[in-house]
Every structure is written in C-alpha cells, then in structure tokens.
Amino acid sequence: MLGVVLSTGLAAGALAVPALATPAAAEGPELIDNGDFSDGTDPWWWTEGSPGTVVDGRLCVDVPAGTANPWDAILGQDGLPLTAGESYELSYTASSTAPITIRTNVQLAVDPWTTELASPDQIGTAPETVSHTFTASADNTAAQLAFQIGGSAGAYTFCVDDVSLTGGAEPPVYEPDTGSPVRVNQVGYLTTGPKQGTFVTEATAAQGWSLRDADGTQVATGTTTPRGVDPISEQNVHTFDFSSVTEAGDGYTVVIGDAVSEPFSLGDGLYDGLRDDALAFFYHQRSGIAIDAALVGQEYARPAGHANVAPNQGDDNVPCQPGVCDYRLDAAGGWYDAGDHGKYVVNGGISVAQLLSAFERDGAELGDSSLAVPERGNGVPDLLDEARWELDFLTAMQVPAGEELAGMAHHKLHDRQWTALPTRPDQDTQLRELHPPSTAATLNLAAAAAQGARLFEPYDAAYAAELLDAAETAWDAAVAHPAVYADPNDGTGGGAYSDNDVSDEFFWAAAELFITTGGADYRQAVTGSELWGDGDALFPSGGFSWGSTAALGALDLATVDNGLSASELASVRSAVTGAADGFADSAQGAAYGLPLAPEDDFVWGSNSQVLNNVVVLATAYDLTEDAAYRDAALTGLDYILGRNPLNLSYVTGYGERDVENQHHRFWANQLNASLPHPPAGSLAGGPNSALQDPVAEDLLQGCAPAMCYVDHIESYATNEVTINWNAPLAWAAAWADSVAGDGGEGPGDPGDPGDPGDPAGCEVSYVTNRWQGGFSTQVTVANTGASAVSPWELRWSFADAQRITQHWNSAVTQDGRDVTARPVAWNGSIPPGGSVNFGFNGTVTGAAADPTAFTLNGEACDVG
Ligand code: 9MR
C-alpha cells in the first residue's frame, strides 16, 4: 500500500491540512504536461550529471555521490501558469533507493527564484504519494516545478510518477486579439506592385472601402469582393484591391464602415531595411565570437558562446556521443540554429545556400560594408563574410581523413540535455557532443561548399579551392555511403532533423557541383536523377525545406550560368515556372493572397514554406518577367507582414502588430525583463496546426489552420526563430527590393539602363554559328579590371544586316545596327576576374561578319 503524505506549501503559510479539505484546488485544470511519463521524458528537464530516464513508467534520476546542495541535482518542468490568489494542489508519488529529503519547489523560473511552494519532503525506499496545497501570491505565466534532489553524500536513484498540479481558475478559452478586421501588409506596398487586402466580416454583400492618406484625405474608393468562408481561417471574408494607386507616402489606411486598417506605406524603399535586418539575424546567431555592441547595440551584445570559457564546454574540442567516434573536432563558430544552441549541418546547409543565392542573384546591395558585420571593409562582400562563418563550421564537421566514414559530415553538434529558458550561450554548462555522420549532412556540405567555391573564387581563390575540395570529398563520401540516416529519436538536447529520403540532397549537391565544375559525373548525377524532369518532385507543393532540397539545385540550374544544353535548360526552367504557376494560382484563389495550396498543411515553420514559395515565384519572374509571378510573390510577403487571419506581422520590428516573444534562450524578455526581445528582422515560425508544444496544446485546441499560432516564448512549435526561416526572408526581401519600381515589363535594378557602373578592363569572346538565313551567337564578357562592374552594359554595332530575334541570359536590344546588352536579374554584377555569358539567335541573309569592337560601360574591350 502506498503511504500518503499531505501538507500545505510553506508559501501558503498554513499548517498541514488534508488535501480533501481544499477541493477548489483539486478541481482546477491539470497544469503538468506528461506527469505520468507516458510520452517519455518531454518536457521534463534535469541538471547535468543527474540524467533521467523512464523506467517501468516512472521517471528515474540517477544522482551521483557527493552532491553538496539540494539544487545540485534538479528534476523540473517549466511553463506552469499560476494566477495570484488562486489555490493549487501539487501531488506526486516518489521513492528513492536510499531515503532522502528533497525540496519540492514551485517557483519563479529565473533569478530570484521566488517560491510559491517550498517543501522539504521525505522520500523513502517505497513509493509514497506526497501532496501539497498552496495559494499563489503572484501571477506567473510560466512558473517552474523543481524537485531539488541533491545534497547527499551517497549515490541513489530517485523515481517519480503521477506528478500533478491542479488548481487555479479554469483558464478562459484563448481568444487571440486580432485587432482590426481590415487586414493589410502593415509595412506597405510597392508603388507599381499589387495592393490587396482582406476584410473579415459577416456581411455577404459587397462593402465600400476607401483609402485614406496620412491626413485622412480620401484618395481612392471601391467595393470589396465577397469571398465566402476562407478555409485557412474559417472566417467569412472579402478582398479589396487598390493597385491603381501609385502615389508614394506613409500613413495610409483602408477604411471599411467604421473599421480602419493598421497604417502602411506605399513606396519602393520598403524592403531594403528588411533585407539588411533579416541578414543581420545571422550575425546575432553567431557562435564562438562576442556579439559587438558597436554593431548591434548594447542590448544585443553578449560574450562569445561556446568559446571554451567557463562555464561553457567550448566547441573547439568536441567529443562524439559515446561510441560514435574516438576523435574530437574543432567545430567552433557557425550559427546557432534557432532558440536553442544546437548547430546542425543539415539545416546549416540550406540556410547558407539561400544566403549565397541571394548574393548570386544580385550581389549589388550585399557588397563590402553593406552589413553590420565585423568583417566590414575587408574587400570581400559582407554577405560572403557572413556565409563564411557558417561554411567554415560545415567543413569543420567533416570526418577527418583516415577515420571510418572519412569525408562525411557529422549530422549535428549540440548540448547533451536541453537547457532551460533563458540561457545565454556563454552560460550554457552542458556537454557538447558530435552526433553520427549522415548522408544528408554530407550532401548539405557538398552543395553549400560547391556554391561557396564559385562565389568566393574572385575574392579568395585559395579559400574557394578549399571549399571545392571539401565539397568533392563530401560528394565522394556520400556516393560511397548513400543511405546513412540520422536517428529520428535522437532529439534530446537538440532537434533530430532526420531525413530518410536523400534523393533530393543528391540532386541539389550534384547540381551545385556541376554548375561550379562542369564535371561530367555531376552532370550525369543531375540529368540521371530520378527527380530530373519531375517538376512535382523538384518543387513539392507545400514548399521546399530543409528536408526537401532539390529545388535549391533546380533554381540554381535555371538561373546560374552552367553547361546544360538548351533543351535541358528549358526543361529545368519549365519546372520552375510550372511550380510557380501552381503557387500563383493558389495566391489568386486565396482570400489572404497566400501562395500555398489550400490542401497543404500549416506545418512547423509554415512561414518559411510560404517564403520558399515566394522564392520560386520570384525566380519565375526573373526568368520570364511575367507580372503574375511577381504579384503572387509580393502577396506572399503581404501575408507574412500582416495580411493574415491573425492580423500579425510575423517579423519583429516590422508593422504595427509585430510578434516579439519568439522562443529564444537569449532574446527572452518575456521571461526576464532584463533580456531583450528578438531583434528587428526575426521571423517567427508561424501557424502550426499540429499543436506540437504544451502552450499550443493548451491554448489553441480547435484552431483554424492559419490561426494555430501564439506569440509566447514557450510555444516553440509555432513561435521559434531559425536560420533556415530567416534565410528565405532575407532572399525574398532582397528580391522585392530589387524589383521595386519595376512595372512588370522587365527585371529591376540590376539592369537599370542608363546607370552603368564604373568602367573596367574587359575582354569579349564572340562565337557565332551560321546557317542558311540564320545564326546563333554566344558572348562571354570577362571583367579583367580590379573592381566589380555592376551593373554592366555591353555595346557593339553589326557591320551587316543581322537581326536578333531571341536572346537569353541578357536583355539585348537592337536599334538598327547598334546593339546593347544588359544584365538580367541574376547577373547584374561581373566581379573582378569573373565573367558573364549570354547568347542570342537571329536572322540574316548574305554577308554577316562578326563585330570586332565592343564597349563595356563605355570603355573599349579586348576581343579574345
Ligand atoms: O524546423 C524543424 C521542423 O521542420 C520539425 O518539424 C521540428 C521537429 O522535429 O524541428 C524543427 O527544427 C527545430 C530543430 O529541431 C531544433 N532547433 C529549432 C528548430 C526550429 O524549431
């Protein structure tokens, strides 16, 4: 028979009374998650050195000999909501292999750890049920239950089961504050872009809307279009469209009846700040380097994390998990993945690749001294400096030569146990460990390093060669070990990021290696892949992601100069435009303009799925200049920035109703007011209809898919920040900035005619194939000068009557015999030592000599 011990908490200040005498406490809702350990150990945590495991349905913690204080070994659970004045009952059943006195505390989860309950409880060798009641003295959205079980000379095992904390008022049903029913992009709209919004109303008939400027003056009117019940929000909605208004200004509002939208701007400079802030996120997330107040402001400065300064273990000499390897790696540096301090090669690969792609598309705004990074002014574009921080980490995770699985990459490196919120990176005491290599990680490394190699080539050829060597070694290792998968259950102390289908990673890595090297084996791996020619496999409808990366390869093959034949190029480009057609249709059909197919779930990180679809749409626009793609890409950004069912901007610092409590161990202001909120430009993961964390489970039952989100720091499954989510935000913002002012008739800034960059030395190769009545020409323009030519403009005159009828990789215009070639969106800059290729077809009869004189930005070029 179990003994029963009943008492009241010390903080309640009363003598022991039977729990039955306080029925109100017992009647409240259950606040402990997984108190019977039927779901394993989550979300319980314990201190290092006294690990817990589930044994026969109980959680058992091995406490080593010689702990000095009760708090030297703790088993705890966070996130317990308490209401001042309400009474609570805590109960549990526990035993210990040696009799001990523990301290059972319900307390503030941060210093000064103020207790609501603090009870010394005797635990014997037979299981006994212990019960306490207490009255909370203060409101606390996230209190902590801590069993302090240390403080004895000997070693013992403490086991606990059926932990329950009930009481408090039944929490009111959570009703999100959605503000105005008139939903807009709270940042604003590009002057020549689409301008649409959504109105939530029970009305079924069209309503009048008016657009007001900052003075309240009406500048346009119209009527809404009723759209019925929107499936993602289950709201009855109308849409409205004021695209015809192009007058730039701030403080616009849309008014419908007595409802007024949040204010927004019309203008073309809306996205450059977001681009820079979204990129600054990566500097903030750097491991192994102090975050400098001069670059980020005092609030966000912090000491270097995991730099081997106590109490950190340091990432410069990291062992493997027991049994995985017997060497150590210096894997200092890199970016922390998210709100945790894990560093993952899988997720690091896609993140750095998307930053590199932003640069590869249009590096004009991402050059040296463009970002707040410590390497400003070193002659290398700042985006590449930031990327190098992660590329160095990825290559450091490679298994050394001579070891088993040499050349593969360890899947990840992280804490042995989850750390509590908040924990600043330099204050993390956990052991850091390398987890086994995986094929997916190895191919992430191969792809990202191959892309990095070609982009670093003009700036640091030796480093480019190192990257390429690492990439080729990784590729060979992946080919030799094509099915080494990460364990889906390896999720303690860090995320699992497991992925048992690596055909997409093989395609992506092969594509990057082929673009960089032109190698025949890589070409074969691209065109011989089961994914080649399968648009649906390359571009899954829910959006590409860390686990589905083929699109990264396909997008680069479609836009970056490479050795595919014209018909192969056409095939991969049509996969891009085919996918974009689907997303554009979805956006047009959706009342919130969302480029996500209605049947696709709102998954963990849904905002990044939206943004990755924006990347596909934007690339399709770059390729075709079809305004339908641009418009859908921009309405995708509208959704992220406020035109959504919750009327929230999911980017901190942008929009009137921006989120600010994302899950993060340093930006944890919600838990400790001395810590900052996330910095401007931090994207929240967004709605996740699977309710995969305790807060979401508690608050969001029954939510409509796009409303399964809460701006709460403990809701890690809806409200975390992550490098692979901020990367497409940065890409999309950079793209939107570059097409601002573009009316849809041509690509934006990179080729802006009439504004050529500085002249530089150049050499032109001009090769023509003739046939009866026609010709096809390939041109290579090499920059032989010392600085980048951006944008560029090549001119020549035909001696004869050639007429250009078709062109690719350049905007070519002909006026009589005079021809001008300018960049398309992705080749606006020719770096020193770099070149651009483009081509055209034409018609001609009779003589057709090749031109022999060319000027680049007004300066004569050599002809090679
Ligand atoms: O982004 C990841 C998401 O796709 C998965 O469903 C989820 C659960 O495995 O994990 C997410 O990644 C988290 C990672 O495991 C640990 N760092 C934080 C990441 C974002 O929440």
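Colleague: Is Arg-432 buried or exposed?

Modeller: Buried means under 20% relative accessible area, exposed means over 50%, and partly exposed lies in between (1.4 Å probe, protein chains only). Arg-432 is buried, at a relative accessible area of 1%. This is a predicted model, in which local features need pLDDT of at least 70 and side-chain atom pairs count only at pLDDT 80 or more, while totals for chains, interfaces and linings use all residues. Residues are numbered from 1 along each chain as its sequence is written, and side-chain values use heavy atoms, with hydrogens and water left out.

Colleague: Which residue forms a salt bridge with Arg-432?

Modeller: Side chains of opposite charge can pair when their charged atoms come close. A salt bridge needs a side-chain nitrogen of Lys or Arg within 4 Å of a carboxyl oxygen of Asp or Glu. Arg-432 pairs with Asp-428, with 3.9 Å between the closest N and O atoms. Asp-428 is buried too, with a relative accessible area of 0%. Both residues belong to a salt-bridge network that also links Asp-315, Lys-343 and Asp-415. The structure holds 22 salt bridges.

Colleague: Which parts does the salt bridge between Glu-512 and Arg-454 tie together?

Modeller: Start with the pair itself. Glu-512 and Arg-454 meet at 2.7 Å, N to O. Glu-512 lies in helix H8 (residues 503-517) and Arg-454 in helix H6 (residues 439-456), so the bridge ties together parts 58 residues apart in sequence. Helices are DSSP runs of H or I with at least four residues, strands are runs of E with at least two, and both are numbered from the N terminus. Glu-512 is buried at 0% relative accessibility. Arg-454 is buried at 15%.

Colleague: Where does His-414 lie, and what does its side chain reach?

Modeller: His-414 lies in strand E26 (residues 412-415). His-414 is buried, with a relative accessible area of 0%. The side chain of His-414 makes a polar contact with the side chain of Lys-412 at 3.0 Å. A polar contact is a pair of N or O atoms within 3.5 Å; within protein, one must be able to donate a hydrogen and the other to accept it, and residues adjacent in sequence count only if both atoms are side-chain atoms. The His-414 side chain also reaches the backbone nitrogen of Gly-494 at 3.5 Å. Leaving out residues up to four places away in sequence, His-414 touches residues including Arg-432, Glu-433 and His-435.

Colleague: How many cavities are there of 30 Å³ or more?

Modeller: Rolling a probe the size of a water molecule over the atoms shows where empty space is left. A cavity is a set of points, on a 1 Å grid over the protein atoms alone, where a 1.4 Å probe fits but cannot get out; lining residues have an atom within 4 Å of a point. The search finds seven of 30 Å³ or more. H4 gives the most, with five.

Methods
Contact means heavy atoms within 4.5 Å. On a 1 Å grid over the protein atoms alone, a cavity is a set of points where a 1.4 Å probe fits but cannot get out, and a pocket is an open set with protein on both sides within 12 Å along at least five of seven lines; lining residues have an atom within 4 Å of a point. Grid points are joined across faces, edges and corners, and a volume is the space filled by probe spheres set on the points.
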